[in-house]
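Please look over the sequence and the model below before reading on.

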Amino acid sequence: MVARLVVAAPSSGSGKTTVATGLMAAFAARGLCVSPHKVGPDYIDPGYHALATGRPGRNLDAYLCGTDLVAPLFAHGAAGCDVAVVEGVMGLYDGASGQGELASTAQISKLLRAPVVLVVDASSQSRSVAALVHGFASWDPEVRIGGVILNKVGSERHEELLREALDASGVPVLGALRRGKQVRTPSRHLGLVPVAERRADAVEAVAALAEQVRAGCDLDAVLALARSAPELGVTAWEPGVARAADGPSSSARPVVAVASGAAFTFSYAEHAELLSAAGAEVVPFDPLRDERLPDGTRGLVIGGGFPEVYAPELSGNEPLRKAVAELALSGAPVAAECAGLLYLSRSLDGQPMCGVLDAEARMSERLTLGYREAVAVSDSSLAAVGARMRGHEFHRTVIEPGAGAAPAWGMHLPERRVEGFVQQGVHASYLHTHWAADPGMAKRFVERCAG
């Protein structure tokens, strides 16, 4: 039994991240073990959650992983914790486009049987806040809105008017955050600047969020609400599902190098756990600083991030670029997603990259964003031909050509197309996937590394 709550809002920009991160940090400061979670595929907010709690930020995405895995993945991440805080995505009832409640915060709250704290941007309203909260609380009777936190409140008088209006709603006010005390977190083309790029400032920002929430919210009432969640009654997910019966022995675990550092911050915590369970020795390295791959590297995973921001530095690390190219040329398994795809190209915005792929990458004004249904069209170190996977695209870059002679995926949405590159052991694509949905991907990758 883990006390838990979901932080949601009527729309994006209402202050979910402020409240969720502040609650996590404030509870942690009380000595509680806090499990941080994020609804949806976003990689950046979980970095701030991890900073606030000292535990990995974990995603809960019903589209990528399926509804049946949401509660088990939550139970895995929250095991042994005192309280779990789940930050929602977009508006409470917004989900995958055209698919009803799928992947919405509301759906996650129901799958977790967790009460919802609704964060309302009150900056331009007073009595109308009651109608807004009533509508959200009554829309779906299976969603339990247990309290409201008012954000961007202008003054004591403004707060009084808001509280008076909400008195008759039946939904208690758990806190009010003033407009002039908002903690600013810098953003750029894909959202917040990741923690890894501004760690000292991020530490200060998280501490300020904790103080803001502690001062403006009734933490005891919020914690009591979290503790009112009923027994979840699920078996926790285990990364051991990727373990092969005849996998490598402990003395012969193949080294899988995983790109990290400021340029490659996008990764789901379960990926490293699955690789390790499948028999790999997972070793992180930083392409901005390390001039060679970890000793004994037999496989390479390069996830998402912001190589476009660090293109000159990545290009300037010529020894590592050559080492990556040599590893790929040897036929070793290489899994590259989005940023990794760009890093393997010939160049990015004119800066030489690893040259593994015969393709050029550049920044674009167009944002590519959305869930995708995909099928493997080429046999690779990650998937056999015909394997089906759901993924997510999120980038402001383009690569030309968009697919190699042996593409990685065939896409069904939003239009039919092939995408990505498979050559020798390399699987490179814009598509972000969550391997918990198919642990066989990690198993297959490690088996290729060991072989």
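Predicted model: local features only at pLDDT ≥ 70, side-chain atom pairs only at ≥ 80, totals over all residues.

E10 (residues 255–259) and E11 (residues 281–285) pair in the parallel sense over five bridges, and together with helix H10 (residues 269–277) the two strands make a right-handed β-α-β unit. E10 is also joined by four bridges to strand E12 (residues 297–302), again with the strands running parallel; here Val-258 has Val-301 of E12 as its bridge partner.

How much of E10 is buried? Five of its five residues are buried, so that the strand is mostly covered, taking buried to mean under 20% relative accessible area. The side chains are divided between two directions, with Val-255, Ala-257 and Ala-259 pointing one way and Val-256 and Val-258 the other way, and all of them are buried.

Another part of the model holds an open sheet of seven strands with parallel pairing, in the order E3-E2-E4-E1-E5-E6-E7. Its edge strands, E3 (58–60) and E7 (173–178), each pair on one side only, and neighbouring strands of the sheet are turned by 25° against each other on average, direction ignored. Within this sheet, strand E1 (residues 3–8) and strand E5 (residues 116–121) run parallel and are joined by three bridges, with Val-6 having Val-116 in E5 as its bridge partner.

Helices lie across several of these strands. Helix H6 (residues 128–139) lies across E5 and E6 (145–153), and runs at about 145° to E5, whereas helix H9 (residues 219–227) lies across E1, E4 (83–87), E5, E6 and E7, running at about 110° to E1.

In soluble globular proteins, nonpolar side chains tend to be buried together. In this model the largest nonpolar core has 113 residues, and those with the most contacts inside it are Phe-27, Leu-92, Leu-112, Leu-150, Leu-275 and Trp-409. Helix H1 (residues 16–29) provides the largest share of this core, namely seven residues. For Leu-150, if its neighbours within four places in sequence are left aside, the residues in contact are Val-120, Val-129, Leu-162, Leu-166, Val-173, Gly-175, Ala-176 and Leu-177. A second, separate core has 38 residues, among them Val-334, Leu-344, Leu-348 and Ala-428.

Methods: Residues numbered from 1 in each chain as written. Heavy atoms only, no water. Pairing = 2+ DSSP bridges. Axes fitted to C-alpha atoms, helices over the stretch in contact; angles between N-to-C directions. Contact = heavy atoms within 4.5 Å. Core = buried A, V, L, I, M, F, W, Y, C linked by side-chain atoms within 4.5 Å. Buried < 20%, exposed > 50% of the residue type's maximum accessible area, 1.4 Å probe, protein only. Right-handed = clockwise from strand over helix to strand, strands pointing away.
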